[in-house]
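Dear colleague,

I am handing over the structure below, together with some notes on what was found in it. Please read the notes with the structure open beside them.

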Amino acid sequence: MANVKHIGKKACVIGGSGFMASLLIKQLLQKGYAVNTTVRDPVIPKKCQLLLLQRLGKLKIFGADLTVEEDFNAPLSGSQLVFLFATPNFSSEDPEGYPASKALAKKAAWKFAEENGIDLITVIPTLTIGPSITLDIPTSVGLATSLITGSISITHVEDICRAHIFVAEKESASGRYIVCAHNTSVPELAGFLSQRYPQYKIQSEFDDIAYKTKLAISSEKLIKEGFSFKYGIEEIFYQTVEYLRSKGALKN
Ligand SMILES: NC(=O)c1ccc[n+]([C@@H]2O[C@H](COP(=O)([O-])OP(=O)(O)OC[C@H]3O[C@@H](n4cnc5c(N)ncnc54)[C@H](OP(=O)(O)O)[C@@H]3O)[C@@H](O)[C@H]2O)c1
């Protein structure tokens, strides 16, 4: 049921066909927001899920490319909140270009916001997994389930979306917020998963790699603001494994 407080409010979500953005739109509509969203091509089948979301509330879909400034005039018009999720896909061609482009874009955004009196908040998600309403399985879900060596910080996609809305609505929120529900290491995660899912025969013996995670990412600032995570590691993996099974990407 729509949250009466937000009826009449409008939000714009840029890059609405993405993993996080599509779920954020769902959450905003469920709260009673009217939503404008942008996708590069509003007619290709990838966006069918977005059309289904129109049953939940007022959702308008616009065509817009990040490289064309005027594409955003209409979707941004009248929006009290703007969520930017769209990101050009540099990762496959140039792995170093991706973080560099993100850092440069954030720096430019902070400068522009300061100069123009815009209340900008950035949310830094960790590797994000969980069931997706996009038609394709998101890359980050594949990555998190493939047990690649290293420290892993994990958050359920619903909590990422909840955190975005939380800081956008919170008067006292400002600056950067890290969103991380659980820090672990590959061996620790492998131990957990091999116990939980013995049928998948997951390698859980790692001689050369430290068992405990070396890097712990903290969401202290977000939690102090009053946010609480809905999903822990058990529920995150339960839902994700069920999701992969339903897609035929994992056998029972
Ligand atoms: N997933 C994670 O684990 C994770 C972790 C940390 C940070 N992030 C960041 O969080 C944000 C959302 O991540 P996600 O995984 O939800 O992304 P995603 O599913 O890959 O979605 C990215 C979106 O960007 C759009 N896009 C690409 N190039 C564009 C362009 N030139 N103009 C307009 N739109 C363009 C794509 O839309 P179309 O192709 O449909 O046009 C796509 O829907 C991204 O900024 C990502 O870098 C993600």
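The notes below go from the chain to the ligand, and then to a helix, a core and some single residues.

This is a predicted model, in which local features need pLDDT of at least 70 and side-chain atom pairs count only at pLDDT 80 or more, whereas totals for chains, interfaces and linings use all residues. Residues are numbered from 1 along each chain as its sequence is written.

The chain has nine helices and nine strands, these being DSSP runs numbered from the N terminus, with at least four residues of H or I for a helix and at least two of E for a strand. Of the 252 residues in the chain, 29% are buried, a term that requires 20 or more other C-beta atoms within 10 Å of the residue's own, while exposed stands for 12 or fewer and partly exposed for what lies in between, with C-beta atoms placed from the backbone. Among the contacts in the chain with a separation of 6 or more, 73% are accounted for by residues 24 or more positions apart, a contact being two C-beta atoms, placed from the backbone, within 7 Å.

The ligand is surrounded by 22 residues, of which Gly18, Phe19, Arg40, Ala86 and Ser140 are the closest; a residue is counted here if its C-beta atom, placed from the backbone, lies within 6 Å. Two or more residues of this shell come from helix H1 (19-30) and from strand E6 (127-129), and the largest share, three residues, is that of H1. The shell comprises 11 nonpolar, eight polar and three charged residues, where Ala, Val, Leu, Ile, Met, Phe, Trp, Tyr, Cys and Pro count as nonpolar, Asp, Glu, Lys and Arg as charged, and the others, Gly among them, as polar. At least three of its residues come from each of domain 1 (8-86) and domain 2 (120-252), with bounds taken from an automatic or database domain assignment.

Helix H1 has 12 residues and reaches 17 Å from its first C-alpha to its last, close to the 16 Å expected at 1.5 Å a residue, the expected span being 1.5 Å times one less than the number of residues. Of those 12 residues, 10 are buried, including Phe19, Met20, Leu24, Ile25 and Lys26. Just after H1, glycine 32 takes a positive phi of about 100°.

The largest nonpolar core has 42 residues, and Val13, Met20, Leu24, Ile25 and Val35 touch the most other members; such a core is a set of buried Ala, Val, Leu, Ile, Met, Phe, Trp, Tyr and Cys residues joined through C-beta atoms within 7 Å. H1 gives the most to this core, with eight residues.

Threonine 37 lies in strand E2 (residues 34-39) and counts as buried because it has 28 C-beta neighbours inside 10 Å. Beyond four places in sequence, threonine 37 is in contact with Val13, Gly16, Ile25, Leu50, Leu59 and Ile61.

Lysine 201, in the loop between helix H7 (186-196) and H8, has a positive phi near 45° in a residue other than glycine. Lysine 201 counts as exposed because it has 8 C-beta neighbours inside 10 Å.

With best regards
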